[in-house]
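This report goes through one protein structure, part by part. Keep the sequence and the 3D view at hand while reading.

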Amino acid sequence: MSAPIPEVAERHEAFRARVLSRWGRWYSPWAHLLVPGAVGLGLIAAALALVHRPGAVVLSLAAAWTLALNGLEWFIHRNLLHRGRWAFYDRHTPEHHGFFQTDTMEIRSTREFAVVLIPGYALLTIFVGLAPIALGLGVINRNLGLLFYAISIAYVLAYEWLHLVYHLRPPTGGWPSWLEALRRHHAAHHDPSLMNDWNFNTTVPLWDWLAGTGRRREPSGVATPAAPEAKT
Ligand SMILES: [Zn+2]
Ligand SMILES: [Zn+2]
């Protein structure tokens with residue numbers, strides 16, 4: 001890895017300071033992390049507590065929905081966060097990717113949770129917005145509605161927490177190898193030359209593999225395809 005050019009590093013620092021200045025003293029990183037997390041875990045626990053002896057068909061549908069969520073994560077990240085200037089484009093592509101790049105992935109203080117985590121109001125909106133869909137499915141089959149709700153929220157929280165872990169300083173001895181592999185997948189996505197076309201899964205890169213958008217970034221900075229049918 002070559003040393004950054006001083007002017008580029010200086011501009012990057014100024015950009016980081018500008019982004020962080022948007023969050024005033026009122027911002028509480030721990031509330032941002034813990035409040036939606038606690039609400040989500042409470043909703044998951046409540047939904048799962050009401051599930052009663054789901055049959056094989058319902059469990060199969062629940063598994064299929066989990067896989068579909070992986071595709072939805074890929075689709076939203078690729079098409080809404082990196083293209084088309086939809087809601088959250090600015091927050092994601094210029095801001096999150098401008099703030100953290102492959103070689104500067106680690107947050108320096110908990111205030112930088114603000115630049116990593118999905119806004120709390122958006123998470124709570126997702127939790128509320130999923131409820132009518134779960135209720136509708138619950139009319140067809142109670143267990144199906146409950147599992148849909150629990151799995152959807154669990155997926156969102158898994159996304160949030162894994163993403164945050166990728167942007168933390170690794171502990172002494174490093175992350176477990178499976179987590180380090182996921183972290184590297186996301187770190188490659190933070191290479192500005194790769195971010196718009198590669199590594200859109202932030203959780204498990206299943207859909208990246210299926211779509212041929214999985215790519216490794218070697219320490220030299222040279223990206224190499226990681227999927228059998230990688231895009232050219
Ligand atoms: Zn990131
Ligand atoms: Zn991205």
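## Terms and model

Contact means that heavy atoms lie within 4.5 Å of each other. This is a predicted model, in which local features need pLDDT of at least 70 and side-chain atom pairs count only at pLDDT 80 or more, while totals for chains, interfaces and linings use all residues. Residues are numbered from 1 along each chain as its sequence is written, chains are lettered from A and ligands numbered from 1 in the order in which they are written, and side-chain values use heavy atoms, with hydrogens and water left out.

## Helix 8 and H185

Helices (DSSP runs of H or I, at least four residues) and strands (runs of E, at least two) are numbered from the N terminus. H185 is found in helix 8, which covers residues 177-189. With a relative accessible area of 12%, H185 is buried. Buried stands for under 20% relative accessible area, exposed for over 50%, and partly exposed for what lies in between, using a 1.4 Å probe and protein chains only. Neighbours within four places in sequence aside, H185 is in contact with N199, N201, P205, D208 and G214.

The 13 residues of helix 8 should span 18 Å at 1.5 Å a residue, and its end C-alpha atoms are 19 Å apart, which agrees. The expected span is 1.5 Å times one less than the number of residues in the helix. The buried residues of helix 8 are L179, E180, L182, R183, H185, H186, A187, A188 and H189. Among the elements that cover them are helix 3, helix 4, helix 7, helix 9 (206-211) and strand 1 (215-217).

## The zinc ion, ligand 1

Which residues coordinate the zinc ion (ligand 1)? They are H96, H163, H167, H186 and H190, each through its NE2 atom, at 2.1 to 2.2 Å. Donors are N, O and S atoms within 2.8 Å of the metal (3.2 Å for Na, K and Ca); water is not among the atoms, so sites may look incomplete.

Along the sequence, the donor residues of this zinc ion (ligand 1) follow the spacing H-x66-H-x3-H-x18-H-x3-H. H96 lies in helix 4 and H186 in helix 8, so the pair ties together parts that are 90 residues apart in sequence. H96 counts as buried at 2% relative accessibility, and H186 counts as buried at 1%.

## One side of helix 2

Helix 2 (residues 29-50) has 22 residues and reaches 32 Å from its first C-alpha to its last, close to the 32 Å expected at 1.5 Å a residue. P29, H32, L33, P36, G37, G40, I44 and A47 are its buried residues. They cover an arc of only 105 degrees around the axis, which puts them on the same side of helix 2. The arc is taken from the directions from the helix axis to the C-beta atoms.

An α-helix has 3.6 residues a turn, so residues three or four places apart point the same way. The buried residues of helix 2 pack against helix 4, helix 5 (113-116), helix 6 (120-140) and helix 7.

## Aromatic rings

Rings of Phe, Tyr and Trp (its six-membered ring) pair if their centres lie within 6.5 Å; planes under 30 degrees apart count as stacked, over 60 as edge-to-face and the rest as tilted. By this rule there are six aromatic pairs. The rings of W65 and F148 have their centres 5.1 Å apart and their planes at 35 degrees, so the pair is tilted. W65 lies in helix 3 and F148 in helix 7 (residues 142-166), so the pair ties together parts that are 83 residues apart in sequence. W65 is partly exposed, at a relative accessible area of 26%, whereas F148 counts as buried at 10%.

W23, W26 and Y27 form one aromatic cluster. The charged end of R22 sits over the ring of W23, 4.7 Å from its centre. A charge sits over a ring if NZ of Lys or CZ of Arg is within 6 Å of the ring centre and within 35 degrees of the ring normal.
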